Amino acid sequence: MGSYQRGKLLQVNANGLYCEQADVYIDPWRPVERAIITHAHADHARWGMKYYLCHHHAKPILKLRLGQDENVQGLAYGEEVTMNGVRISLFPAGHIIGSAQVRLEYKGEIWVFTGDYKLINDGISQPYEQLQCHHFITESTFGLPIYKFPSPFEIYAAMNDYWKQNRADGYNTVLLGYSLGKAQNILGHIDPSIGNIYLHGAVANTNEALASVGYHFPGERVTPETDRSKIVGDLIVAPPSVADGPWLRKMKPYRIAMCSGWMQLRGARRRRGVDMGFALSDHCDWAQLNQAVLATGAEHIYITHGYEQNYARWITEQYGLDAHIFKTLYADSEEDIAEPKEDVLEPKEDIAEPKEDGRDSTNKGLETEKQTAE
Ligand SMILES: [Zn+2]
Ligand SMILES: [Zn+2]
C-alpha cells in the first residue's frame, strides 16, 4: 500500500468515483465489488454492485428499486467504518430521506463527497450537516447565479392555496414530483384536511418502503379498483413521467402543477405543459452552493453534474480556490433521472431542462458541455 499519493484519495475512473486505498466506489455507474451509495435516486444508486453501503433510511428504497436480495448494509449518520485504514462515515446531506455526504479520512487528509444536497431544512429529511475538509466534491446542479429558490415554506402555503382554489372550482389538483424526495416533501407539508389525497403507485411504493423505517405520509394508492368518480376536488401526487399519459387522463377534470427547481426558469412551465409550477428544489441554489463550499474550509474543490466549468471558474476567480471538474454520469437535473422501470410510460429525453430556454444566453453555451457528460 506504499503507493498512496496525497491529494488523490478519490479519483474518477471508468466505473465511477473511486477510493483506491479503501478499494471502494461511491455512487458508481458500472458494476463494481463495493459501493457506498449517497442516496437512492436512480443516477446515484445503480444495479450490479456486489455490496452496497448506505444510510439506514436509504436501505429500504435501495432494496425496493434494486431488489430485496441485494446485499445492502446500513450505516447511521456519524458511524464510522474503516476500510484498509481509510475511515469512512456518512453525514446528512438534506437532499431527501436517507441522503448522505460521504466523509473519508486517511493519514490526516479529509475528503467529503456531498452527493446531492441542499442547505435548507425541508422538515422531512435530516438537515444538512456542514463538515470541514481539505478536499470537497460538490454537485452544482443549480450552479448559476440565476438560481435563487424561494423559501419552501412559502411554496407549501401556495400549494395548499392552489389545491383549495381548484377544489372550489370543481377540479382535482395534480402535483407532479419525483416519487422519491419531492413526493414526500409535498405530502409532508400539504394540508390533508382540505380533501382526499391519492397517490400514483410509484409514490405509494416509496412511501411504503419508508414506513418500514418510521416515516409516515398521508394518501391512498390509486389502483384499478379505485372508483374514479369519487375523486372530485382531491389531490393526486404522481411522478412527472405520467404527464399526458392514460393514467392521468382518468383523473379529469384536473389542474396540474409541476414541482421542481427548474420551475423557477422562465418558460419552464409552458414547456412542460402544466398549469402551474412550484420551484421546490432538493438541491442547493447559487447562494447555498457558495455558502457550503466556503464553510468547508477546503482548498481543493471538485465539481460534478451541473454547470461545472462555469462554477469552477467562479470559485477560482472569486475565492482563489483550486477547482477541478469531475466528469461523472450523474444526471444534471432533478427530473431527467428515470423513474423505476414499471412507471415509465414514455421516453424521458424531452424532459431535460432548461434546454430550450434560448433567451437565456448564460445557459445556452453550457448545454453542449452538459451533453458531453452523458
Ligand atoms: Zn438526488
Ligand atoms: Zn444527483
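Predicted model: local features only at pLDDT ≥ 70, side-chain atom pairs only at ≥ 80, totals over all residues.
**Strand pairing and the nonpolar core**

**Strand E12 and its partners**

- Strand E12 spans residues 172–176 and is mostly covered, with five of its five residues buried.
- E12 pairs with strand E16 (residues 254–259) in the parallel sense, over five bridges.
- In that pairing, Val174 stands opposite Ile256 of E16.
- E12 also pairs with strand E15 (residues 235–238) in the parallel sense, over four bridges.
- Here Leu176 stands opposite Ala238 of E15.

**The two faces of E12**

- In a regular strand, side chains alternate between the two faces of the sheet.
- Asn172, Val174 and Leu176 point one way from E12, while Thr173 and Leu175 point the other way.
- The residues on both sides are buried.

**The largest nonpolar core**

- This core has 103 residues, and those with the most contacts inside it are Ile37, Leu62, Leu104, Leu175, Leu176 and Val237.
- The core lies between domain 1 (11–147 + 282–372) and domain 2 (152–278), because both domains give residues to it.
- Leaving aside neighbours within four places in sequence, Leu175 is in contact with Met159, Ile186, Leu235, Val237, Ala257 and Cys259.

Notes:
Residues numbered from 1 in each chain as written. Chains lettered and ligands numbered in written order. Buried ≥ 20, exposed ≤ 12 C-beta atoms within 10 Å, placed from the backbone. Pairing = 2+ DSSP bridges. Core = buried A, V, L, I, M, F, W, Y, C linked by C-beta atoms within 7 Å. Domains from an automatic or database assignment. Contact = placed C-beta atoms within 7 Å.
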